[in-house]
Amino acid sequence: MAEGIIIELQRDCIDAAVQVSNILRKAKLIAKKLDLETLQAWMNSELNGYSCSPLDLPDYRKGVGQPKFKNPYHGWCPLMTENNSFGNTIKTVFFMQPIAELEDLSRGKGNLIMQYNSGIEEVIQKQLPMPMECGLEFSKAQITIVLDHVRNTILDWSAELELQGIIGEGMTFNSEDRREAKSITNNIYGGNIGTLGNVAGDVSNSDFFNADGNPNIDRLNKFLEQAKEASGGLDDETQNRLDPILLNLETELESQASPPKIQKALSSIKNILEGAGGSVVANALLGLL
């Protein structure tokens with residue numbers, strides 16, 4: 001008698017020769033057969049790459065690196081940063097890529113350098129004596145941490161399914177298996193897997209407002225800090241229009257203003273950035289909105 005697809009999945013998880021991307025595809029098939037939509041969404045994000053804001057990535061997909069600039073005479077040189085919001089952001093490695101791409105990167109030798117997006121690079125370049133290529137150097141061991149986390153998560157999940165007698169004989173599951181699997185998955189992984197799918201959207205999305213409609217103050221303050229740091233990279237006209245609105249938003253947050261007032265300030269910021277003529281900094285800030 002066949003051992004069941006759950007046992008096959010466990011064997012793959014403990015076999016270092018089996019790529020995590022292959023493990024994910026088999027796990028996704030199982031999750032689909034068991035009607036586990038939330039788990040499928042996480043697996044899709046891992047297989048296809050994350051389309052959410054980098055700040056909303058699961059913690060295990062964030063690393064730390066050394067910002068650098070490429071001196072034409074001396075090569076890559078360390079870039080000193082301050083311990084503020086922008087400084088911490090440019091030191092953070094955001095692993096947004098599909099898991100297969102991370103596997104390819106993990107096979108390289110030595111440290112890796114990830115290029116900043118154009119908006120961030122433009123802000124950094126304003127602090128340099130002349131425009132130079134910028135990047136974030138990090139150890140490939142941090143990619144291994146991401147791969148191991150995904151492998152171990154799937155292994156633990158499959159082990160819990162087996163403990164409850166769910167093994168998928170003949171690659172099939174009955175209605176009782178599906179009910180039990182949903183209970184197991186929700187109890188163990190519900191809300192703890194990470195950001196699922198694409199959470200990007202307009203300024204009224206859950207990034208800025210909680211489920212009860214009240215403002216997410218921490219998230220709004222984080223955006224405000226980033227916008228204030230980056231506004232210096234905008235043209236003078238856009239900056240002169242944007243800065244008073246940012247100051248107004250800061251005042252509204254300090255006074256615990258009502259959601260409509262905060263929504264109005266965010267909409268004004270969005271309109272100003274959209275009118276910035278395709279500025280890379282404006283586009284970067286729009287991405288955060």
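Predicted model: local features only at pLDDT ≥ 70, side-chain atom pairs only at ≥ 80, totals over all residues.
**Entry 1: helix α7.** I began with α7, which runs over residues 141-163 and has 23 residues. From its first C-alpha to its last I found a reach of 33 Å, close to the 33 Å expected at 1.5 Å a residue. I then looked up what follows the helix, and came to Gly165, whose phi is positive, near 80°.

**Entry 2: the buried side of the list.** Next I asked which residues of α7 are buried. The buried residues are Gln142, Ile143, Val146, Leu147, Val150, Arg151, Thr153, Ile154, Trp157, Ser158 and Leu161. I kept in mind that an α-helix has 3.6 residues a turn, so residues three or four places apart point the same way.

**Entry 3: the core.** I turned to the largest nonpolar core, which has 76 residues, and noted that Ile154 and Trp157 have the most contacts inside it. It is α7 that gives the most to this core, with 7 residues. Leaving out residues up to four places away in sequence, I listed what Ile154 touches: Leu9, Cys13, Ile23, Leu24, Ala27 and Trp42.

**Entry 4: aromatic rings.** How many aromatic pairs does a search of the whole structure find? The search gave me 1 aromatic pair. Phe95 and Phe138 form this pair, which is edge-to-face, with 5.5 Å centre to centre and 75° between the planes. Phe95 lies in the loop between β4 and α5 while Phe138 lies in strand β6, so the pair ties together parts that are 43 residues apart in sequence. I also checked burial here, and both Phe95 and Phe138 are buried.

Terms used: Residues numbered from 1 in each chain as written. Heavy atoms only, no water. Helix = DSSP H or I, 4+ residues; strand = E, 2+ residues; numbered from the N terminus. Expected span 1.5 Å × (residues − 1). Buried < 20%, exposed > 50% of the residue type's maximum accessible area, 1.4 Å probe, protein only. Phe/Tyr/Trp six-rings, centres within 6.5 Å; stacked < 30°, edge-to-face > 60°. Core = buried A, V, L, I, M, F, W, Y, C linked by side-chain atoms within 4.5 Å. Contact = heavy atoms within 4.5 Å.
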